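Biologist: I'm new to this one. Can you walk me through it?

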Number of protein chains: 2
Amino acid sequence: MNALEIIAKKRDGLPLSREEIEFFIDGLMGGDIPDYQVAAWLMAVYLRDMSNEETKHLTDAMAHSGRTLDVESIAPLAVDKHSTGGVGDKTTLVVAPLVVAAGLAVAKISGRGLGFTGGTLDKLESFPGFSSQLSASAFLENLSKYRIVVNGQTPDLVPADGKLYALRNATATVGSYPLIASSIMSKKLAVGAKVIVFDVKVGKGAFMKTEDEAVKLARIMLDLAASLDKRAAAVLSDMNQPLGLAVGNALEVKEAIDTLMGHGPADFATHCLTVASQMLLLAGQAPDQEAARDRLAGLLKSGEALAQLEVLVKAQGGDPAPIANPRLLPQAPVVQDLNSPQGGYVSQLDAMVVGLTALDLGAGRVRKSDSVDHAVGVVLHKKVGDGVLEGEPLCTVHARSDEDVQRARATLLKAYEWADLPVQPPPLLYQVVR
Amino acid sequence: MNALEIIAKKRDGLPLSREEIEFFIDGLMGGDIPDYQVAAWLMAVYLRDMSNEETKHLTDAMAHSGRTLDVESIAPLAVDKHSTGGVGDKTTLVVAPLVVAAGLAVAKISGRGLGFTGGTLDKLESFPGFSSQLSASAFLENLSKYRIVVNGQTPDLVPADGKLYALRNATATVGSYPLIASSIMSKKLAVGAKVIVFDVKVGKGAFMKTEDEAVKLARIMLDLAASLDKRAAAVLSDMNQPLGLAVGNALEVKEAIDTLMGHGPADFATHCLTVASQMLLLAGQAPDQEAARDRLAGLLKSGEALAQLEVLVKAQGGDPAPIANPRLLPQAPVVQDLNSPQGGYVSQLDAMVVGLTALDLGAGRVRKSDSVDHAVGVVLHKKVGDGVLEGEPLCTVHARSDEDVQRARATLLKAYEWADLPVQPPPLLYQVVR
């Protein structure tokens, strides 16, 4: 067996055996297979695809490239969620405390994410002192004590994914379904919650632009989950416009707190209840969707869900004071409204444009080494379907300077499209795939 | 413009512009585009192909990655040939002196070749002292004085090809038509003979296994040649069994000398006349095929062609004594016949198996840094269509040791297949594509 034969086989569209895939991942990790051979193989995988069987072997080999954490024996009811990423997606901040309040456990490895705004970890780091760099033993200890951990990836966890992802990023092979699926699932396999809900975003601001693409990815991930003995479901939700109203790290934390207090934006709150009730169902902790929702809504109302956010923040060294007083979160020096230049109904609000504006304001990172400004971002006031009067505020820009505001306003205006007659907003949820 | 966008465009099957291809080759040469990005791009080119227009731009960009030699102003009748490679292919050793005797000039950059036996340069180095490392100025000086030069590639000539070829070799992308064609033609463009004959080999021992594949490659190269203002033709010839009888460097030199003296093996002599007469025709030095052949046959008979081999060897510092006395060529210490284990008609003689045997004896190189044993190889006595009695010699092995002979005999037996009734040998020439 050698790397060249394995590349040639995939190049010719032939399936790779488990042994060949293991050989390749071992060679990548051991340094025997140089980056340029891996890069050629990645492009061959992108263009020739992989069967579910191959994707499973790849996921397995990647998961075992580093250490694994035995979550299940500590927390049998541990659940996980994974979003394919979008604009204003602060779902974990609400769903994790919520399902823990319902008796489940959350053992989650989160990303920082390149892109529009920071990842879940960046958002949580809006709480002063919050650490997402727990050691493996601290991770397991917190899980056992508090039933909730949201931590960063450590270098010894699925190191093959780190290597492959860096190369995919540099070789235009990020968008391969089996590579996306194995990257996600190898981390789930290494950390090992039994139940996973995938939040697959669809639309302008998402990686998957159409429902068909999202269904395809969902099916691959669900097949993969089943073959790896996980219980999983995929929620396909809209990302044509941003989720909720806040886009930006601390701004999203505030919106998550509001939602946990029962008065978040309706679309975001509904989405969180959908994802969380799927977790309850899969974990066998609710008889049906309706019962799950009712129970979760009660936990929001009672404050029990919010209390678990406080547990999480404190358990990882953060100061929970901003939960009671969100003004303690990082604040941008310049806050200005963008008023509507016209009246009418919003017919489109391009999530991608809003996301890029937040990125330009400093909310996200272009390079891994960039730091994130937690305070900046955009808060929307009008979304698709809303009627607007000329001069009414469309959104509020939180920025570092007047210049930044000016630039953001010019871009944000391009995100909006208008209609004279009322417009139906896009559906929030396309479907749940099981 | 950036490398990632160019990779993504090719990945999606979109044509690259001249500027994008130049940017990529410049980036490769300047070190701005790392090997792994080039590797991913090569695989995308392999699987998505390139239009003739793209292949032309690639060829141009590669040719201008280093210095170019203005051959045409020194030798307006300069011609070149290029073989796609095969077993027992010593055609240049005969054709170059032959067409120079006919009044043309040959300015040829040859390879050493990885594979079964050495390349043309290795064969010529069977003459003690022969140098294929002439400087660019010595190359042009010899061309002007003797009208014949066969030299190695210098690092400043088409350096992009050297880099790309090494990566293709390591990434299973050698077999891409546009990459093959641009690799060949960039060298022809940099050195600049106006007339080129491609010798495209077809069959078991060749890169192209079928006539269809060979026609496809020939058409790409001819289109490319036309767009680069070259006159070209492609001879599609058989490589199911070895060409001629000798396989091995000095053994092939001896066969070339025999052929230049008018008593070489019929198949090889015929092939040389075909290639050489195409050169004469393209250079406008013969009215038709028949006239070209007659004239060339006369130059073999008169010894004028052989005299030009002596000119070549002397001009590049070699001792021409072996031309008159081939026993002065390197001789293997062990020479043994392989006798036929059965009687019948030879129905197959697998060129690949014979080539691999020669390689194993030491005639070729596996790695670029390997050295070649000029003395070893195989001389065939029976080829396809020949009737053989049990115990009659099938071939003679020239080896470094008895052990090597034993191993070679075992392998060579597998090269032969047998029939009870007479068998038609494969055609020597499939077609000439213009």
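Predicted model: local features only at pLDDT ≥ 70, side-chain atom pairs only at ≥ 80, totals over all residues.

Biologist: Sheets next. What is the strand order in the open sheet of 6 strands in chain A?

Modeller: The order is 3-2-1-4-5-13, and the pairing is mixed.

Biologist: Which strands sit at the edges?

Modeller: Strand 3 (148–152) and strand 13 (429–433) of chain A. Each of them pairs on one side only.

Biologist: How much does the sheet twist from one strand to the next?

Modeller: The average is 20 degrees.

Biologist: Which strands does helix 11 of chain A lie across?

Modeller: Strand 4, strand 5 and strand 13 of chain A. Helix 11 of chain A spans residues 211–227 and runs at about 165 degrees to strand 5 of chain A.

Biologist: What about helix 13 of chain A?

Modeller: Helix 13 of chain A, residues 266–282, lies across strand 1 (78–83), strand 4, strand 5 and strand 13 of chain A. Its angle to strand 4 of chain A is about 150 degrees.

Biologist: Back to helix 11. How does helix 10 of chain A pack on helix 11 of chain A?

Modeller: Helix 10 of chain A is residues 177–191. The angle between the two is about 45 degrees, and their axes are 10 Å apart. Helix 10 and helix 11 of chain A are therefore oblique to each other. The crossing is right-handed.

Biologist: Which residues meet there?

Modeller: From helix 10 of chain A: Tyr177(A), Ile180(A), Ala181(A), Ser182(A), Ile184(A) and Met185(A). From helix 11 of chain A: Glu213(A), Lys216(A), Leu217(A), Ile220(A), Met221(A), Leu224(A) and Ala225(A). By class, this contact of helix 10 with helix 11 of chain A has 10 nonpolar, 1 polar and 2 charged residues.

Biologist: Now helix 2 and helix 4 of chain A. What angle do they make?

Modeller: About 35 degrees, with axes 9 Å apart. Helix 2 of chain A is residues 18–30, and helix 4 of chain A is residues 52–63. Helix 2 of chain A passes helix 4 of chain A in a right-handed crossing.

Biologist: Who makes the contact?

Modeller: Helix 2 of chain A gives Arg18(A), Ile21(A), Glu22(A) and Ile25(A). Helix 4 of chain A gives Glu54(A), His57(A), Leu58(A), Ala61(A) and Met62(A). The contact between helix 2 and helix 4 of chain A counts 5 nonpolar, 1 polar and 3 charged residues.

Biologist: Over to chain B. How do helix 6 and helix 15 of chain B pack?

Modeller: At about 110 degrees, with axes 8 Å apart. Helix 6 of chain B is residues 91–101, and helix 15 of chain B is residues 304–315. These two helices of chain B are therefore roughly perpendicular to each other. The contact residues include Leu93(B) and Pro97(B) of helix 6 of chain B, and Gln308(B) and Leu309(B) of helix 15 of chain B. The contact of helix 6 with helix 15 of chain B divides into 7 nonpolar, 1 polar and 1 charged.

Biologist: What order does the open sheet of 3 strands in chain B have?

Modeller: 10-8-12, with antiparallel pairing. The edges are strand 10 (387–388) and strand 12 (416–419) of chain B.

Biologist: How many bridges join strand 8 to strand 10 of chain B?

Modeller: There are 2. Gly344(B) stands opposite Val388(B) in strand 10 of chain B.

Biologist: Last one. Which strands does helix 18 of chain B lie across?

Modeller: Strand 8 and strand 12 of chain B. Helix 18 of chain B, residues 402–415, runs at about 45 degrees to strand 12 of chain B.

Technical notes: Residues numbered from 1 in each chain as written. Chains lettered and ligands numbered in written order. Heavy atoms only, no water. Pairing = 2+ DSSP bridges. Helix = DSSP H or I, 4+ residues; strand = E, 2+ residues; numbered from the N terminus. Axes fitted to C-alpha atoms, helices over the stretch in contact; angles between N-to-C directions. Contact = heavy atoms within 4.5 Å. Left-handed = near helix turned anticlockwise from the far one by under 90°. Nonpolar A, V, L, I, M, F, W, Y, C, P; charged D, E, K, R; others polar. Parallel < 35°, antiparallel > 145°, perpendicular 65-115°, else oblique.
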